[in-house]
Amino acid sequence: MKFERFGTGIIKGLMVTLVHLVRHPTVNQYPEQRLNMSRRIRGNELIWSRERCTGCGTCAKACPQGAIELVTSTVFKDNKYNVETYRVDTGYCIQCGLCVEACPFDAVFMGYSYERAKYRRNDLVQTNDELLESPARPVSGYFHPEIAKGLPDQTLLVEKIVEKRK
Amino acid sequence: MKGLPPDWPGGYWWHWLFFTVVLIAFVLVMVLGAIYIERRGMGRMQSRLGPNRTGPFGLLQAVADAVKVLLKENIVPAKADKIVHWLAPIIAFAPVMMIFAVVPFQDGALLADLNIGILYIVAVSSIATVGVFMAGWGSSNKYSLLGAMRNVAAVVSYEIPLVLSVIGVVLVAGSLSLNDIVLAQDIPFILFQPLGFLLFFAAGCAEINRAPFDLMEADSELVAGFHTEYSGMKFAMFYLVEYAEAIAISAIIATLFLGGWRGPLLPPWLWLIVKIVIVFFVMVWTRATLPRVRIDQLMALAWKFLFPLALINLFITAVQVLVWPDGLPWALIFLNIAVMLVLVILWSKLFRLGWGRLEV
């Protein structure tokens with residue numbers, strides 16, 4: 001004979017909700033409070049390093065969406081390519097990270113930031129200097145453990161819920 | 001008019017006007033409070049915060065919702081029965097307001113001290129179902145009609161245990177007037193009638209379509225049931241009815257079982273409000289805890305569980321009142337609680353919901 005059937009199940013359930021009522025909520029108030037993202041997040045942007053890029057085009061070949069466009073010219077003197085245009089249509093980008101994994105010279109990184117929505121489609125197409133790393137565009141540790149080490153640990157809960165908008 | 005002070009200026013009509021205005025204001029304010037308690041309380045029970053942006057601690061959320069709903073377009077379906085569709089919210093709302101006419105806020109402080117008060121409540125509260133059915137019928141929508149049909153079936157079934165458990169209280173108090181019932185409660189009747197309270201609470205929740213018996217307006221299966229086709233002001237009326245009914249049932253439970261306005265220190269009307277809020281909180285609590293029942297489970301619970309227990313409760317109460325006609329002794333409290341536990345366990349043994357669970 002199990003007592004769950006005789007009303008104790010209901011009482012147990014009521015106790016669970018009562019405990020939840022008095023304990024701390026587990027949600028966070030998003031725009032004001034932010035959790036630390038995963039150190040290996042594949043954020044909503046691509047970061048490109050002009051110094052390391054050799055213009056080999058491996059990233060463009062790896063991209064399943066064909067979102068990366070590369071225009072190079074040859075520099076005969078140094079026997080290498082000069083990257084004239086490196087253009088990413090982030091509207092097509094699916095944040096798969098294959099370009100980062102494919103790059104033989106570690107010249108492409110996923111971004112650490114996530115709120116990268118734009119008001120116009122043209123703004124989604126980013127070219128050359130717009131793709132460089134900057135304080136506003138930090139680099140994620142995806143496929144680069146040495147970068148991940150320097151980033152803050154991911155948090156799953158915030159300490160104190162703030163009730164009201166500032 | 002018993003509730004009328006002898007020096008009241010203007011007599012009957014002042015009394016009528018005063019209590020009508022006070023009751024309407026009371027119901028509206030309590031509904032706003034109830035919505036806040038329900039949304040915040042349920043939010044915390046589900047480990048979230050609930051509305052907290054509008055005003056201090058989200059207190060104005062209900063006001064903001066009301067303003068939003070009032071500004072919305074009033075859409076009536078092309079094939080709807082226009083008059084029925086238009087009348088339904090009003091017919092659902094009026095009886096809920098009428099219930100409060102007989103709830104005493106203090107000794108004699110009520111709109112009408114009817115000597116058949118509780119019978120009046122039972123009669124009037126059933127009319128709200130007509131409004132709900134009109135809404136379902138007039139909307140020309142199969143889900144609305146289905147929800148309304150379920151509502152009618154549920155209310156017809158749950159009215160019986162509801163009334164039978166009320167009779168127990170009436171027997172102990174010896175009066176149908178709510179004012180006299182409160183005056184008779186030197187010990188709150190929840191102690192003399194624990195089983196009756198349980199039955200009344202369950203049947204009351206089903207009567208006003210609150211979870212876990214809210215399958216007549218189950219948003220996930222019936223897209224909100226009878227008020228699917230309502231928008232704007234008329235939807236606001238139904239929303240108001242939903243919470244006003246919850247407040248009304250809470251007020252009736254507080255009056256019948258918890259001693260109404262009686263209590264130490266605080267003024268009587270405040271005691272009544274405190275008790276209403278407590279009962280309403282228990283409703284929110286059960287809503288946040290229990291999953292919704294199926295329609296066959298709903299009917300089975302009414303007819304196989306609540307109805308026989310209500311009859312037995314009535315019988316036991318009648319015997320007790322016959323044996324001790326001058327007032328029930330203290331010791332009966334323990335006996336009645338023991339009887340309640342035995343009966344609930346016994347009936348749970350006989351009664352299985354859905355036959356779906358195997359005992360291992």
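Predicted model: local features only at pLDDT ≥ 70, side-chain atom pairs only at ≥ 80, totals over all residues.

**Chain A**

Let's start with chain A, which has five helices and five strands. Read from the N terminus, its elements go α-β-α-β-β-α-β-α-β-α. Chain A is more spread out than a compact globule, because its radius of gyration is 24 Å, well over the 15 Å that the globule rule gives for 166 residues. As for burial, 20% of the 166 residues of chain A count as buried. If you take the contacts in chain A with a separation of 6 or more, 80% of them come from residues 24 or more positions apart.

**Chain B**

Chain B is built from 14 helices and zero strands. From the N terminus on, that reads as α-α-α-α-α-α-α-α-α-α-α-α-α-α. Here the radius of gyration is 21 Å, which agrees with the value near 21 Å that a compact globule of 360 residues would have. Of the contacts in chain B between residues at least 6 apart in sequence, 77% join residues at least 24 apart.

Here are the two chains side by side:

| Chain | C-alpha extent along the principal axes | Buried residues |
|---|---|---|
| Chain A | roughly 85 × 45 × 30 Å | 20% of 166 residues |
| Chain B | about 70 × 65 × 40 Å | 44% of 360 residues |

**Two helices that pack**

How do you describe a pair like this? Two packed helices are described by the angle between their axes and the distance between the axes. In chain B, helix H9 (residues 194–207) packs with helix H13 (residues 295–323) at an angle of about 145°, and their axes are 10 Å apart. The crossing of H9(B) and H13(B) is left-handed. On the H9(B) side, the contact is made by Leu195(B), Gly196(B), Leu199(B), Ala202(B) and Ala203(B), while H13(B) brings in Leu306(B), Leu309(B), Ala310(B) and Asn313(B). Sorted by class, this contact of H9(B) with H13(B) has seven nonpolar, two polar and no charged residues.

**The cores**

Leu199(B) turns up again in the largest nonpolar core, which has 100 residues. Leu199(B) is one of the residues with the most contacts inside that core, along with Val31(B), Ala244(B), Ile247(B), Ala248(B) and Ile253(B). Helix H11 (residues 232–257) of chain B gives the most to this core, with 17 residues. Zoom in on Ile247(B): leaving out residues up to four places away in sequence, Ile247(B) touches Val27(B), Met30(B), Val31(B), Ala34(B), Ile276(B) and Phe280(B). Apart from this core lies another, of 24 residues, including Cys53(A), Phe109(A), Met110(A) and Phe143(A).

**One residue in a loop**

Last stop: Glu73(B), in the loop between helix H2 (61–70) and helix H3 (82–99) of chain B. Is Glu73(B) buried or exposed? Glu73(B) is exposed, because it has 6 other C-beta atoms within 10 Å, and a residue counts as exposed at 12 or fewer. Setting aside neighbours within four places in sequence, Glu73(B) is in contact with Ser231(B) and Gly232(B). How far is Glu73(B) from Asn313(B)? Their C-alpha atoms are separated by 50 Å, and the two residues are 240 residues apart along the chain. Asn313(B), remember, is one of the H13(B) residues in the contact with H9(B).

Methods
Residues numbered from 1 in each chain as written. Chains lettered and ligands numbered in written order. Helix = DSSP H or I, 4+ residues; strand = E, 2+ residues; numbered from the N terminus. Rg over C-alpha atoms; globule rule 2.2 N^0.38 Å. Contact = placed C-beta atoms within 7 Å. Axes fitted to C-alpha atoms, helices over the stretch in contact; angles between N-to-C directions. Left-handed = near helix turned anticlockwise from the far one by under 90°. Nonpolar A, V, L, I, M, F, W, Y, C, P; charged D, E, K, R; others polar. Core = buried A, V, L, I, M, F, W, Y, C linked by C-beta atoms within 7 Å.
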